[in-house]
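Please look over the sequence and the model below. The report that accompanies them is brief.

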Amino acid sequence: MTTADVVIIGGGIVGASVAWHLTEAGCHNVLIVERETHQGKGSTGKSMGGVRAQFATKPNIQMSLYSIPFYAAFEERLGHPSGYRAQGYLFVATLPKHLEYLELNQKLQKSLGLTQARMMSCEEIAGTVPQLRCDDVLGGSFCSTDGFIDPYSVMVGFTARACEQGATIWRSTEVTAIHRDGSTIAGVETTRGRVNTPTVVNAGGPWATEVAALAGVPLPVEPMRRMLVPTEPFDGVSHEVPMVVDMSTGFHFRPESLGFLLAWNDPEEKMGFNPNFDPAFIEKVLTLAAERVPCFENLAVNPKRAWAGLYEMSPDHHAIIGPVPEVKGLFCANGFSGHGAMHAPATGKMVADLIVRGKTSVVDEVEVLSPARFAKGELLHETAVL
Ligand SMILES: Cc1cc2nc3c(=O)[nH]c(=O)nc-3n(C[C@H](O)[C@H](O)[C@H](O)COP(=O)(O)OP(=O)(O)OC[C@H]3O[C@@H](n4cnc5c(N)ncnc54)[C@H](O)[C@@H]3O)c2cc1C
């Protein structure tokens, strides 16, 4: 019979980060169980890789304040590239209410120690991305340490170093049951047999609710499709531009390879496991692109290169992190609502801290992210969801 100090269900970027942070904290007998033949087939391999600290709430800002410097030092620390590129995020406002919202957020960000975020005038925005149509732009906000990472590379780096430090990963292995001894975790059943353990981490991404159900507990995480459209090579806009977010429509884009990666969160998208890319999305996103960046009307797209993946939505669009009150030894690392790649380092540190020491200082009040908040009706409110 196999035993492990901690079993992590799910080998995406979050499970891998939890594993590495546990081994760093001195907990080496860690087992990651991943049902796919290789890692990254969940949300991690589909991500846009954006990282930002420009959020509207304290826990999200504080998780970014741990994660972004971590990504900047990733290669030095783990000897593996994170792909971090500090090209910034530029939020572009065309409505007074959006500008006020950015100003308000920036006050909170600065009070928490984010020094690089600043407001930008319309003229400065036009200077930063000269191809942007700015006739209706009132201003915006920019943070130079925001940018992009390569989530797949980060996941590989975390996993490799965790395994060097004692962790094990079982691929092509599904967790089919979570065993409890009364209200305490006793082990997991896998397609490779039983593993005894006192501690289980749910890192199941969009499948987190199904994983929680194996332990007999509810978890309000729902999958929602997101689609991305990469363009063919295009040099009509500089490849040094930030992630640009047009707040009037939600359209956003960033440089990717020799072209650009186009994104838009269709408000008509329904919750559910729909992994299929809808070709009609291409015209929608190209229309929004050309409205904000007129020369984007010349973009070429190969529909075969576009893809869809799943966000793991929580009811208040914040991560669900911490112990499950009803089941001793069960921990959540779930519900990132589209921010799991950028917040993976903070999540790994927080979950490892909570398992090993029972507390964490990554965020001031980790309880606000607890799975218990839903039953208590104490939801958080984040309006800047991309
Ligand atoms: C199109 C798109 C764009 C995105 N853009 C961004 C972005 O710009 N920035 C950002 O921060 N985030 C972004 N995200 C979100 C981000 O990708 C996710 O939040 C993150 O990858 C979640 O990682 P994870 O490890 O929790 O989940 P996953 O990568 O989905 O990993 C979960 C794993 O659990 C495994 N699993 C599930 N159940 C079982 C079981 N019973 N037994 C064994 N294994 C199991 C699955 O096979 C899977 O590999 C984006 C997501 C999508 C889809």
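The text covers the ligand site, a sheet and the cavities.

This is a predicted model, in which local features need pLDDT of at least 70, side-chain atom pairs count only at pLDDT 80 or more, and totals for chains, interfaces and linings use all residues. Residues are numbered from 1 along each chain as its sequence is written, and side-chain values use heavy atoms, with hydrogens and water left out.

**Ligand site**

| Residue | Protein atom | Distance to a ligand oxygen |
|---|---|---|
| Gly-50 | polar backbone atom | 2.8 Å |
| Glu-312 | polar side-chain atom | 2.6 Å |
| Met-342 | backbone N or O atom | 2.7 Å |

On its own, the ligand has 1000 Å² of accessible area, and the protein covers 98% of this. Areas come from the Shrake-Rupley method with a 1.4 Å probe. Helices (H or I, at least four residues) and strands (E, at least two) are DSSP runs, numbered from the N terminus. Asp, Glu, Lys and Arg count as charged, and Gly counts as polar.

**Sheet**

An open sheet of 4 strands runs in the order β1-β12-β11-β10, with mixed pairing. Strands pair if DSSP finds at least two bridges between them. β1 (2-3) and β10 (175-181) stand at the edges with a single partner strand each, so one side of each has no neighbour in the sheet. β10 pairs with β11 (residues 184-190) in the antiparallel sense over 6 bridges. His-179 stands opposite Gly-187 in β11.

**Cavities**

The structure holds 2 cavities of 30 Å³ or more. A cavity is a set of points on a 1 Å grid over the protein atoms alone where a 1.4 Å probe fits but cannot get out; lining residues have an atom within 4 Å of a point. A volume is the space filled by probe spheres set on the points.

The second largest cavity holds about 30 Å³ of space. Its lining includes Arg-225, Arg-226, Trp-264 and Asp-266. The largest share of this lining, 3 residues, comes from β14. The lining residues divide into 3 nonpolar, 1 polar and 4 charged.

Notes:
A polar contact is a pair of N or O atoms within 3.5 Å; within protein, one must be able to donate a hydrogen and the other to accept it, and residues adjacent in sequence count only if both atoms are side-chain atoms. On a 1 Å grid over the protein atoms alone, a cavity is a set of points where a 1.4 Å probe fits but cannot get out, and a pocket is an open set with protein on both sides within 12 Å along at least five of seven lines; lining residues have an atom within 4 Å of a point.
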